[in-house]
Amino acid sequence: MTPVASLPIYAPRVVQYLFLFAGFLALAFPATSFSENSDKVEFKKEGKAVRTISVNDLHPLARERSLEVFEPHERRNRVYRAFPARAVFDGVFGKDWEKAREIVFTALDGFQPSVPVKRFLHHDGYFAFANENKGPFTLTNKLQNDEAVTLGPLYLVWDNIGSKELLETWVSDMPYQIKTIDLKMKERFPNMLPPPGSSEDVRRGFNHFRTQCAACHTVNGDGGGKAPELNYPESIVEYIKPEYLKRWILAPQTIRYNTHMPALAEEISNREQVAAEIIAYLKAMSGAKRAPSGNPSR
Ligand code: HEC
């Protein structure tokens, strides 16, 4: 009682203001604890936690460097501070990761792209964690209405300057706000695989399908749950005329006015050939129908 009672007459009001101010702080800065949490990245193998680590604690595992990349979201070069991805994987998983099939990334908003392990073996991937010039670790996404996005905790980039192949596949393999990195040892979509002994065209078509279509569509029930099944029970090569199928891929809005399907990325230089190879793959799959087992993964 006494401390308050012995304060001058205006004390209660000061105390009130203090409480108000504390309340204001709590409301205004709830993000403080959130950003502490969001600095952590969880590494998993087949969905099971292997290690949770803050970005700063990656330093003993991999040597940080500065890396200039072509930044497709801003269509210009930028320089990031980054850790080489292979060294990070070696440090966290051991050499075993090289035998895995793909790596599934989960972003803060739940976006969940996957990148084949082969890509990391053949190209130099990096986990960027800061700007070279100490500015905020953000970018302006010109591909999504100039939306300002934060990139941390980790942003997957590639030493892409001078690599035609990397410059073409780009955005699909450059997830940002990575908070989970999950190593998948087995094929996640066995029913989507082309039949054994398929031609090179069909195999390339399958790879395009995997990166460009499978996030939304299923084949034999395997794939994303955002768009219709394309192979079972009737394949789209059976009920859509070939010239229309090509247009579905290259310019879907010229067929259906209000379609939710995006056109094959404009940045792919040989779009016609990519579309033809995807169709070759879908034709091969029409001869390899398998009834979906259960619900498509969503
Ligand atoms: C972002 C999600 C998304 C991606 C990626 C996508 N599609 Fe689609 N696609 C859709 C949706 C949604 C529909 C359903 C029809 C609509 O909205 O017009 C559709 C419809 C189709 C149809 C017509 C099916 C029918 O029976 O009418 C075909 C064919 C098709 N997609 C093929 C493809 C191929 C091939 C690719 C890869 C090059 C692809 N789509 C990539 C979302 C997607």
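# A guided reading of the model

Visitor: Does Lys134 count as buried or exposed?
Guide: The relative accessibility of Lys134 comes to 78%, to be read against cut-offs of under 20% relative accessible area for buried and over 50% for exposed, with partly exposed in between (1.4 Å probe, protein chains only). The model is predicted, so local features need pLDDT of at least 70 and side-chain atom pairs pLDDT 80 or more, while totals for chains, interfaces and linings use all residues. Residues are numbered from 1 along each chain as its sequence is written, and side-chain values use heavy atoms, without hydrogens or water. Because 78% is over the 50% cut-off, Lys134 counts as exposed.

Visitor: What value is phi of Lys134 near?
Guide: Lys134 belongs to the loop between β7 and β8, where strands (E, at least two residues) and helices (H or I, at least four) are DSSP runs numbered from the N terminus. Phi of Lys134 is positive although the residue is not glycine, and lies near 70°.

Visitor: What is the relative accessible area of Glu46?
Guide: Glu46 sits in the loop between β1 (40–45) and β2 (48–54), and phi of Glu46, a residue other than glycine, is positive and near 50°. Glu46 is partly exposed, because its relative accessible area is 31%.

Visitor: Near what omega is the cis peptide bond from Tyr232 to Pro233?
Guide: Pro153, in the loop between β9 (147–150) and β10 (155–158), is joined to Gly152 by a cis peptide bond with omega near 5°. Pro233 lies in the loop between β13 (222–223) and α8, and the cis bond from Tyr232 to Pro233 has omega near -5°.

Visitor: Which residues coordinate the iron atom of the ligand?
Guide: Donors are N, O and S atoms within 2.8 Å of the metal (3.2 Å for Na, K and Ca), and sites may look incomplete because water is not among the atoms. At 2.0 to 2.1 Å from the iron atom, the coordinating atoms are NE2 of His217 and SD of Met261.

Visitor: What is the site of the iron atom, with angles of 87 to 178° among its six donor atoms?
Guide: Six donors count as octahedral if opposite donors are over 155 degrees apart and all others between 65 and 115. The six donor atoms of the iron atom make angles of 87 to 178°, and the site is octahedral.

Visitor: How many residues apart in sequence are the parts that His217 and Met261 tie together?
Guide: His217 is buried, because its relative accessible area is 11%, whereas Met261, with 28%, is partly exposed. His217 is in the loop between α7 and β12 (218–219) and Met261 in the loop between α9 and α10 (271–286), so the pair joins parts whose separation in sequence is 44 residues.

Visitor: Which element gives the largest share of the shell around the ligand?
Guide: The shell holds 19 residues, each with a heavy atom within 4 Å of the ligand, and Cys213, Cys216, His217, Thr259 and Met261 are the closest. At least two shell residues come from each of α8 (236–239) and α9 (242–250). The largest share, three residues, is that of α9.

Visitor: How far from an oxygen atom of the ligand is a polar side-chain atom of Thr259?
Guide: A polar side-chain atom of His217 is 2.8 Å from a ligand nitrogen, and one of Arg256 is 3.0 Å from a ligand oxygen. For Thr259, the distance from a polar side-chain atom to an oxygen atom of the ligand is 2.5 Å.

Visitor: What kind of pair do the rings of Tyr80 and Phe137 form?
Guide: The whole structure has 14 aromatic pairs, in which rings of Phe, Tyr and Trp (its six-membered ring) have centres within 6.5 Å, with planes under 30 degrees apart counted as stacked, over 60 as edge-to-face and the rest as tilted. Tyr80, in strand β4 (residues 76–84), and Phe137, in the loop between β7 (125–131) and β8 (138–141), tie together parts 57 residues apart in sequence. Tyr80 is buried at 0% relative accessible area, and Phe137 counts as buried at 14%. Because the ring centres are 6.0 Å apart and the planes at 80°, the pair is edge-to-face.

Visitor: At what distance does the side chain of Ser198 reach the backbone oxygen of Pro195?
Guide: Ser198 lies in the loop between β11 (178–184) and α7 (200–212), and is buried because its relative accessible area is 16%. From the side chain of Ser198 to the backbone oxygen of Pro195 the distance is 2.6 Å.

Technical notes:
Polar contact = N/O pair within 3.5 Å; in protein donor to acceptor, adjacent residues only side chain to side chain. Tetrahedral: all angles 85-135°; square planar, octahedral: opposite > 155°, others 65-115°.
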